[in-house]
Amino acid sequence: MEAREYCNSITAELSGWKTKMDDIVSKFDRAPSDYKKRLINEVKDLHRVSDELGHRIEGLKKECLRDFDRGKL
């Protein structure tokens with residue numbers, strides 16, 4: 001597999017996981033307050049995971065593009 005295909009594949013996979021994570025987080029965010037109170041720490045963790053996936057996706061896109069522009073890949 002070429003490096004460009006690999007970058008695109010990993011980006012797509014992480015984006016898919018982020019979409020799934022965001023769906024779960026959204027459901028928790030819409031849940032009744034008493035339910036959320038019991039799961040507040042878990043919901044915060046889900047937000048952190050979603051944010052981290054977003055950061056990694058953006059970093060991967062930037063690094064792959066930079067390397068493509070430099071002719072490294």
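What percentage of the 73 residues of the protein count as buried? The share is 21%, where buried denotes a relative accessible area under 20%, exposed one over 50%, and partly exposed a value in between, computed with a 1.4 Å probe and the protein chains only. The model is a predicted one, in which local features need pLDDT of at least 70 and side-chain atom pairs count only at pLDDT 80 or more, while totals for chains, interfaces and linings use all residues. Residues are numbered from 1 along each chain as its sequence is written, and side-chain values use heavy atoms, with hydrogens and water left out.

The protein contains 3 helices and 0 strands; helices (H or I, at least four residues) and strands (E, at least two) are DSSP runs numbered from the N terminus. The order of the elements from the N terminus is α-α-α. Helix α1 comprises 28 residues and spans 40 Å from its first C-alpha to its last, close to the 40 Å expected at 1.5 Å a residue; the expected span is 1.5 Å times one less than the number of residues. The accessible surface of the protein amounts to about 5700 Å², and 53% of this area belongs to carbon and sulfur atoms.

Thr11, located in helix α1, is buried at a relative accessible area of 12%. Apart from residues up to four places away in sequence, Thr11 touches Ile57, Leu60 and Lys61.

The structure holds 1 disulfide, a disulfide being a pair of cysteine sulfur atoms within 2.5 Å. Such a link is a covalent bond between the sulfur atoms of two cysteines. The partners are Cys7 and Cys64, with sulfur atoms 2.1 Å apart. Because the torsion about their S-S bond is about -75°, the disulfide is left-handed. Cys7 belongs to helix α1 (residues 3-30) and Cys64 to helix α3 (residues 40-70), so the pair ties together parts that are 57 residues apart in sequence. Both Cys7 and Cys64 are buried.

In soluble globular proteins, nonpolar side chains tend to be buried together. A nonpolar core is defined here as a set of buried Ala, Val, Leu, Ile, Met, Phe, Trp, Tyr and Cys residues joined through side-chain atoms within 4.5 Å. The largest such core has 5 residues, namely Met21, Val25, Phe28, Val43 and Leu46. Helices α1 and α3 each supply at least two residues of this core, and the largest share, 3 residues, comes from α1. Beyond its neighbours within four places in sequence, Val43 contacts Phe28 and Asp29.

The count of salt bridges is 4, each requiring a side-chain nitrogen of Lys or Arg within 4 Å of a carboxyl oxygen of Asp or Glu. One of them joins Lys18 to Asp22, with the closest N and O atoms 3.0 Å apart. Both residues lie in helix α1, 4 residues apart, about one turn of the helix. Lys18 is partly exposed at 22% relative accessibility, as is Asp22 at 31%. Another pairs Asp45 with Arg48, at 2.5 Å between the closest N and O atoms; these two residues lie in helix α3, 3 residues apart. Asp45 is partly exposed at 39%, whereas Arg48 is exposed at 51%.

Terms used
Contact = heavy atoms within 4.5 Å. Areas by Shrake-Rupley, 256 points an atom, 1.4 Å probe, with all protein chains shown as cover.
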